[in-house]
Amino acid sequence: MEIRHTLSQKETQSLDSQELRDNFLIQNLSEIDQINMVYSHYDRVVIGVALPVSPSLALPTYPNLKADFFLQRREMGIINLGGKGTVVIENEAFELDKLDCLYVGRGVPNVSFKSQDGAEPALFFLLSTPAHQSYPTRKMSKEEASPTNLGCAETANQRTIYKYIHLGGIQSCQLVMGLTILKSGSVWNTMPAHVHDRRMEVYFYFDLPAEHRVFHLMGQPQNTRHLVVG
């Protein structure tokens, strides 16, 4: 598991473009039959991707977590961004279609991931935070999520946010997780550029055509608390 350390305001102001990418862009997490993770010291968030094609992949633990198993003192949100897949929590199987979300609470020792069809594998995006309380495992589809429409066509940022894990949806200790879908003709998700002093954010971009590019604007560099997965 890769470790990303935090930077002070003064350090961040002095970074050039490549150094900003090295510190705030996460790449190459999606590997066949692998679970890859990054531990960020911003809020001790762990970002990961599980891409099972042939075998079932078990959620590992890591020495730096100082835990007997991954979720001993953590909670996790999972969104399937690929083909049909299954997440097994202990002995209970949860089938996830594309854009379905699954929350797994603190204290669950055994979690595994598998695809229903290796020709169209599931791609599970994983996001985990420390937790001081346990909440029950719960699945939610995009259709069940709470949609919020934002932006407008005139500023090319018309979009719908689907809220999965939040105060009015799936209950968690501190994890918040959702999905943003841009409307046709809109290109901005982060405009106007803004900062987050209360908590950090992780953006995972997916289903982008090969010829497209993403520009993620994060407000004043000294207040940046975003990680971008591409």
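Visitor: How many of the residues of strand β4 are buried?

Guide: Please keep in mind that this is a predicted model. Strand β4, residues 46–51, is mostly covered, with 6 of its 6 residues buried. A residue counts as buried when its relative accessible area is under 20%.

Visitor: Which residues of β4 point one way, and which the other way?

Guide: The general idea comes first. In a regular strand, side chains alternate between the two faces of the sheet. In the present case, Val46, Gly48 and Ala50 point one way from β4, while Ile47, Val49 and Leu51 point the other way; all are buried.

Visitor: Which strands pair with β4, and over how many bridges?

Guide: Strand β3, residues 34–40, pairs with β4 in the antiparallel sense over 6 bridges. Within that pairing, isoleucine 35 stands opposite alanine 50 of β4. Strand β11 also runs antiparallel to β4, and 5 bridges join the two. There, valine 49 has phenylalanine 125 of β11 opposite to it.

Visitor: What is found in the hairpin of β3 and β4?

Guide: The hairpin has 5 residues between its strands, and aspartate 43 takes a positive phi near 60° there.

Visitor: In what order do the 7 strands of the open sheet stand?

Guide: The order is β1-β3-β4-β11-β6-β9-β12, and the pairing is mixed. Strands β1 (2–4) and β12 (138–140) stand at the edges with a single partner strand each, so one side of each has no neighbour in the sheet. Neighbouring strands of this sheet are turned by 20° against each other on average, direction ignored.

Visitor: How do β6 and β11 pair within that order?

Guide: Strand β6, residues 74–80, and strand β11, residues 124–130, pair in the antiparallel sense over 7 bridges.

Visitor: Which strands form the open sheet of 3 strands?

Guide: That sheet has the order β13-β14-β15, with antiparallel pairing. Its edge strands are β13 (146–150) and β15 (177–182), each of which pairs on one side only. On average, and with direction ignored, neighbouring strands here are turned by 25° against each other.

Visitor: Why is β14 described as largely enclosed?

Guide: Of the 7 residues of β14, 5 are buried, so the strand is largely enclosed by the rest of the structure. Its pairings may be read in turn. With β13, strand β14 (residues 159–165) pairs in the antiparallel sense over 5 bridges. Asparagine 149 stands opposite threonine 160 in β14, and proline 147 has tyrosine 162 as its bridge partner in β14. With β15, strand β14 runs antiparallel and is joined by 6 bridges. There, isoleucine 165 has methionine 177 of β15 as its bridge partner.

Visitor: How many cavities of 30 Å³ or more does a search of the whole structure find?

Guide: The general idea is as follows. Rolling a probe the size of a water molecule over the atoms shows where empty space is left. In this model, the search finds 1 cavity of 30 Å³ or more. The largest cavity has a volume of about 30 Å³.

Visitor: Which residues line the largest cavity, and what are their classes?

Guide: The lining consists of Leu59, Phe69, Phe70, Leu71, Val108, Pro109 and Val111. By class, it has 7 nonpolar residues, no polar residues and no charged residues.

Visitor: Let us turn to the loops. Is aspartate 100 buried or exposed?

Guide: Aspartate 100 counts as buried because its relative accessibility is 5%, and the cut-off for that class is under 20%. The residue is found in the loop between β8 (92–96) and β9 (101–104). A polar atom of the side chain of aspartate 100 lies 2.8 Å from the backbone nitrogen of aspartate 97.

Visitor: Where does phenylalanine 206 lie?

Guide: Phenylalanine 206 lies in the loop between β16 (201–204) and β17 (226–229). With a relative accessible area of 27%, phenylalanine 206 is partly exposed.

Visitor: How many residues apart in sequence are phenylalanine 206 and leucine 81?

Guide: Phenylalanine 206 and leucine 81 are 125 residues apart in sequence, yet 7.6 Å apart in space, C-alpha to C-alpha.

Key
Residues numbered from 1 in each chain as written. Predicted model: local features only at pLDDT ≥ 70, side-chain atom pairs only at ≥ 80, totals over all residues. Heavy atoms only, no water. Pairing = 2+ DSSP bridges. Helix = DSSP H or I, 4+ residues; strand = E, 2+ residues; numbered from the N terminus. Axes fitted to C-alpha atoms, helices over the stretch in contact; angles between N-to-C directions. 1 Å grid on protein atoms, 1.4 Å probe; cavity = no way out; pocket = protein on both sides within 12 Å on 5 of 7 lines; lining within 4 Å. Points joined across faces, edges and corners; volume = space filled by probe spheres on them. Nonpolar A, V, L, I, M, F, W, Y, C, P; charged D, E, K, R; others polar. Buried < 20%, exposed > 50% of the residue type's maximum accessible area, 1.4 Å probe, protein only. Polar contact = N/O pair within 3.5 Å; in protein donor to acceptor, adjacent residues only side chain to side chain.
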